[in-house]
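Student: I would like to go through this model with you. Please show me the sequence and the structure.

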Amino acid sequence: MILSCAIIDDEPLAADLLASYVKKTPMLYLRGAYNSAITAMRDLRDDPVDLLFLDIQMPELSGLELAKILPRTTKIVFTTAFKNYAIEGYKANALDYLIKPVSYENFITTVNKALDFFSSSQKQELLKTDRFIFVKSDYKLLQICFDDILYIEGFKDYVKIYLENNPKGVMSLINMKKIDEFMPHPQFLRVHRSYIVHMNKVKLVDRARIVFGDVFIPISESYKEEVQRYLDAHTLA
């Protein structure tokens, strides 16, 4: 996978350093380096890149302000000499945050993080189209259609996938975090550290529990807000 990227930094030396890093990194293709956010704005709105290395403190238009008007498909890595901008950077949905002077070691760590993100996104798009996954169970690969899943329960390094046509469930050696990355959202929601629920299959919510027949799945405080947003969006007031 090769990601297109751009650099915006009003300090020419800082921009040149990042450009040199990009050129020796085979997973990146540099589309442009800019010393002004105003100059870059039109190019990056009309023809967005995958990854943008963006300085925060710049004249006329700051990196934080520019980030708000760029396409959401562009993932942003803020670069700055000031650590106190970190919280604001993450509020702006930044992929990462690099402190100047940026070392190549830290730069490549961020690039790998970006590659993981885009690889996961591609898998999500493929799975949304195909609507099935293969899981390892009893030394075999078993195809499971998303539409057949009721819920998934986690047991440390294993999960059990409960299906409409197989109420006993299918056990597979994979952890909850990994399988959660594969499941299309918000159709599938993590409602508890041990449960992922197919929300299209939910017929009854009883207080802080999702009910499947005689099975009661708790909605924990950590996931309550996201679940409530989903329920509110589908509730007639």
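Tutor: The model is predicted, so local features need pLDDT of at least 70 and side-chain atom pairs pLDDT 80 or more, while totals for chains, interfaces and linings use all residues. Residues are numbered from 1 along each chain as its sequence is written, and side-chain values use heavy atoms, without hydrogens and water.

Student: Which helices each supply at least two residues of the lining of the second largest pocket?

Tutor: Helices here are DSSP runs (H or I, at least four residues), numbered from the N terminus; strands are E runs of at least two. Those that each supply at least two lining residues are α5 (104-130) and α6 (176-182).

Student: Which helix gives the most to that lining?

Tutor: D116, F117, S119, S120, K123, K178, E181 and F182 line the second largest pocket. With five residues, the most comes from α5.

Student: Are A14 and L18 of α1 buried or exposed?

Tutor: Buried means under 20% relative accessible area, exposed over 50%, and partly exposed in between (1.4 Å probe, protein chains only). On the other side of α1, L13, D16 and K23 are exposed. A14 and L18 are among the residues of α1 that are buried.

Student: In the open sheet of five strands, which are the edge strands?

Tutor: Two strands pair if DSSP finds at least two bridges between them. The order is β10-β9-β8-β12-β11, with antiparallel pairing. Pairing on one side only, the edge strands are β10 (166-172) and β11 (188-192).

Student: What is the bridge partner of I152 in β12?

Tutor: Strands β8 (residues 149-155) and β12 (residues 195-198) pair in the antiparallel sense over three bridges. The partner of I152 in β12 is I196.

Technical notes. On a 1 Å grid over the protein atoms alone, a cavity is a set of points where a 1.4 Å probe fits but cannot get out, and a pocket is an open set with protein on both sides within 12 Å along at least five of seven lines; lining residues have an atom within 4 Å of a point.
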